[in-house]
Amino acid sequence: MRTTATALALALAACAAGRAGPSAAAIVRAAGAVRVGDPWPQAQHTLHTQLGPPTKADVDAYLWAARVGDDCYLIEVRVADGRVAYVDDPYQSPARAAAGSYDRCADAAP
């Protein structure tokens with residue numbers, strides 16, 4: 001729980017500071033960096049090293065997003081019991097895609 005609170009605090013601090021998020025290329029390169037079942041502290045370190053702090057964090061979900069023109073790139077990781085419980089590999093969501101996926105990505109992008 002402490003790790004989750006720390007990550008959330010880092011994400012909020014980065015957002016408050018107006019810090020730019022990761023590049024679309026960095027998000028695409030992060031594919032496969034963490035897997036379901038990985039211990040969250042190590043996975044968090046890996047992603048933070050590659051992408052910086054999450055651009056959006058909830059209680060158990062961490063998102064890194066970047067917008068390039070009308071497209072949005074996103075990677076999402078969910079955590080449960082101190083382990084990675086879900087990884088949505090990086091994907092590109094064009095503005096013309098289903099509203100839900102694009103909106104979720106755009107909401108997380110700085």
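This is a predicted model: local features need pLDDT of at least 70, side-chain atom pairs count only at pLDDT 80 or more; totals for chains, interfaces and linings use all residues.
Reader: In which helix is confidence lowest, and in which is it highest?

Author: Helices (H or I, at least four residues) and strands (E, at least two) are DSSP runs, numbered from the N terminus. Confidence is lowest in helix α1 (residues 2-16), with a mean of 46, and highest in helix α3 (residues 40-51), at 96. Over residues 4-17 pLDDT stays under 50, and the model has 13 contacts (heavy atoms within 4.5 Å) beyond four places in sequence for that stretch.

Reader: How many helices and strands are there in the protein chain, and what pattern does the chain follow along the sequence?

Author: The protein chain has 4 helices and 4 strands, and reading along the sequence gives α-α-α-β-β-β-β-α. Among contacts with a separation of 6 or more, 57% involve residues 24 or more positions apart.

Reader: Now the sheet, please. What is the order of its strands?

Author: The general idea comes first: two strands pair if DSSP finds at least two bridges between them. Here an open sheet of 4 strands has the order β1-β2-β3-β4, with antiparallel pairing. Strands β1 and β4 (83-94) are at the edges with a single partner strand each, so one side of each has no neighbour in the sheet.

Reader: How many bridges join β2 to β3, and over how many do β3 and β4 pair?

Author: Strand β2 (residues 61-68) is joined to strand β3 (residues 71-80) by 8 bridges, and β3 pairs with β4 over 9 bridges. Across the second, Glu76 faces Asp88 and Arg78 faces Tyr86.

Reader: What do the turns look like? Which residue in each has a positive phi?

Author: The β2-β3 hairpin has 2 residues between its strands, and Gly69 in the turn has a positive phi of about 60°. The β3-β4 hairpin also has 2 residues between its strands, with Asp81 in the turn at a positive phi of about 55°. Asp81 is a residue other than glycine.

Reader: Is Asp81 buried or exposed?

Author: Buried means under 20% relative accessible area, exposed over 50%, and partly exposed in between (1.4 Å probe, protein chains only). Asp81 is exposed, because its relative accessible area is 82%. Strand β3, by contrast, is mostly covered, with 8 of its 10 residues buried. Across the 110 residues of the protein chain, buried ones make up 40%.

Reader: And which residues of the largest nonpolar core touch the most other members?

Author: In soluble globular proteins, nonpolar side chains tend to be buried together. A nonpolar core is a set of buried Ala, Val, Leu, Ile, Met, Phe, Trp, Tyr and Cys residues joined through side-chain atoms within 4.5 Å. In the largest one, of 19 residues, those touching the most other members are Trp40, Leu47, Leu51, Trp64, Ile75 and Val77. Two or more residues each come from α2 (24-29), α3, β2, β3 and β4. A second, separate core has 10 residues, including Leu63, Leu74, Tyr102 and Ala106.

Reader: Which strands does α3 lie across?

Author: Helix α3 lies across β2, β3 and β4, running at about 160° to β3. Axes are lines fitted to C-alpha atoms, for helices over the stretch in contact, and angles run from 0 to 180 degrees between N-to-C directions.

Reader: One last stop: which residues does Lys56 touch?

Author: Lys56 is in strand β1 (residues 56-57), and its 26% relative accessibility makes it partly exposed. Leaving out residues up to four places away in sequence, Lys56 touches Ala61, Tyr62, Leu63, Asp107 and Ala108.

Terms used. Residues are numbered from 1 along each chain as its sequence is written. Side-chain values use heavy atoms; hydrogens and water are left out. pLDDT is the predictor's confidence in each residue, from 0 to 100.
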